[in-house]
Amino acid sequence: MLRLPRCGLCAAAYIQRARRADNEGTMADIPNLLLAALPRKSYQQLLSGLVPVTLRFGDVLYEPGKTIREVYFPSQCLVSLLTVVKGHRALEVGMVGREGIVGVPLALGIDISPVRALVQGAGPALKMKSARFHAELHGGGPLQSGVNRYVHAMMGQISQTAACNRFHQVEARLARWLLMTRDRMGSDEFRMTHEFLSHMLGVRRVGVTEAASALQGRKLIEYTRGNIRILDDRGLEKASCSCYEANGSLSGG
């Protein structure tokens, strides 16, 4: 069985091993890498409870204080986890893409969401009812182990994001965020407005505009009419803060 690395903070090794998992009799062709890491028998047991859905840009999956009724396994979409503070703009504290699952509080026995889960990258996902997820998870075995390790990795991402927002410059944070989005969506091009990015990074729109213009001026990205395309991966990694390698990267070993 494929496992998340024990450090929990670096999901890169997990992703790399998931891509090679076909040699171990698992399903490396499944877009969601948490599911792809399961033994074939375990995955087949889940199939009847998994429903294909297409998540749309701007969809709100959960609101703070509301009941979590489904969990989502993203395939080629991206979901932001936002902390909402009255009188202030929402701030992103984590993001989930093809490496994980949206709805991790259920794995801890909590059915109330502490965050807003907002779709910021449209695309396909698999959905499962919370009752079915509880039943499968409490049965123990590979799913429980994989989800537990992912929860630990997500805790690391949230902690790193808090430190990043406090100590690093907007340009470096934007570079990190774009790289994390690329990794989790599996694409160098995605839809994103400056207004939306200002909410994700917790800064004013003018700050995002200046940072995006600087990255575009260095020919690292191209930004036109709400679409962002990464032109130079290596250059963008150099422009990013250290938090990308510490906790955000899904591409290395």
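A contact means heavy atoms within 4.5 Å. The exercises below use a predicted model.

**Exercise 1. Find what share of the contacts with a separation of 6 or more joins residues 24 or more positions apart.**

Step 1. Take the contacts in the chain with a separation of 6 or more.
Step 2. Pick out those between residues 24 or more positions apart; they account for 71%.

**Exercise 2. State how much of the chain is buried, and describe its accessible surface.**

Step 1. Use the cut-off: buried means under 20% relative accessible area.
Step 2. Of the 253 residues in the chain, 53% are buried.
Step 3. The accessible surface comes to about 11700 Å². Carbon and sulfur atoms hold 50% of that surface.

**Exercise 3. Decide whether helix α7 is mostly covered or mostly open.**

Step 1. Locate α7 at residues 194-201.
Step 2. Count the buried residues: 6 of 8, so by the cut-off of under 20% relative accessible area the helix is mostly covered.
Step 3. Name them: His194, Phe196, Leu197, Ser198, Met200 and Leu201.
Step 4. Look just past the helix. Gly202 takes a positive phi of about 70° there.

**Exercise 4. Describe the largest pocket and its lining.**

Step 1. The pocket holds about 280 Å³ of space.
Step 2. Its lining has 19 residues, and the closest to the centre are Leu81, Val104, Pro105, Pro114 and Ile158.
Step 3. β5 (91-96) and α5 (142-167) each supply at least two lining residues. The largest share, 4 residues, comes from α5.
Step 4. Sort the lining by type: 17 nonpolar, 2 polar and no charged.

Terms used
Residues are numbered from 1 along each chain as its sequence is written. This is a predicted model: local features need pLDDT of at least 70, side-chain atom pairs count only at pLDDT 80 or more; totals for chains, interfaces and linings use all residues. Side-chain values use heavy atoms; hydrogens and water are left out. On a 1 Å grid over the protein atoms alone, a cavity is a set of points where a 1.4 Å probe fits but cannot get out, and a pocket is an open set with protein on both sides within 12 Å along at least five of seven lines; lining residues have an atom within 4 Å of a point. Grid points are joined across faces, edges and corners, and a volume is the space filled by probe spheres set on the points. Ala, Val, Leu, Ile, Met, Phe, Trp, Tyr, Cys and Pro count as nonpolar, Asp, Glu, Lys and Arg as charged, and the others, Gly among them, as polar. Buried means under 20% relative accessible area, exposed over 50%, partly exposed in between (1.4 Å probe, protein chains only). Accessible areas come from the Shrake-Rupley method with a 1.4 Å probe; for residues, only the protein chains shown count as cover.
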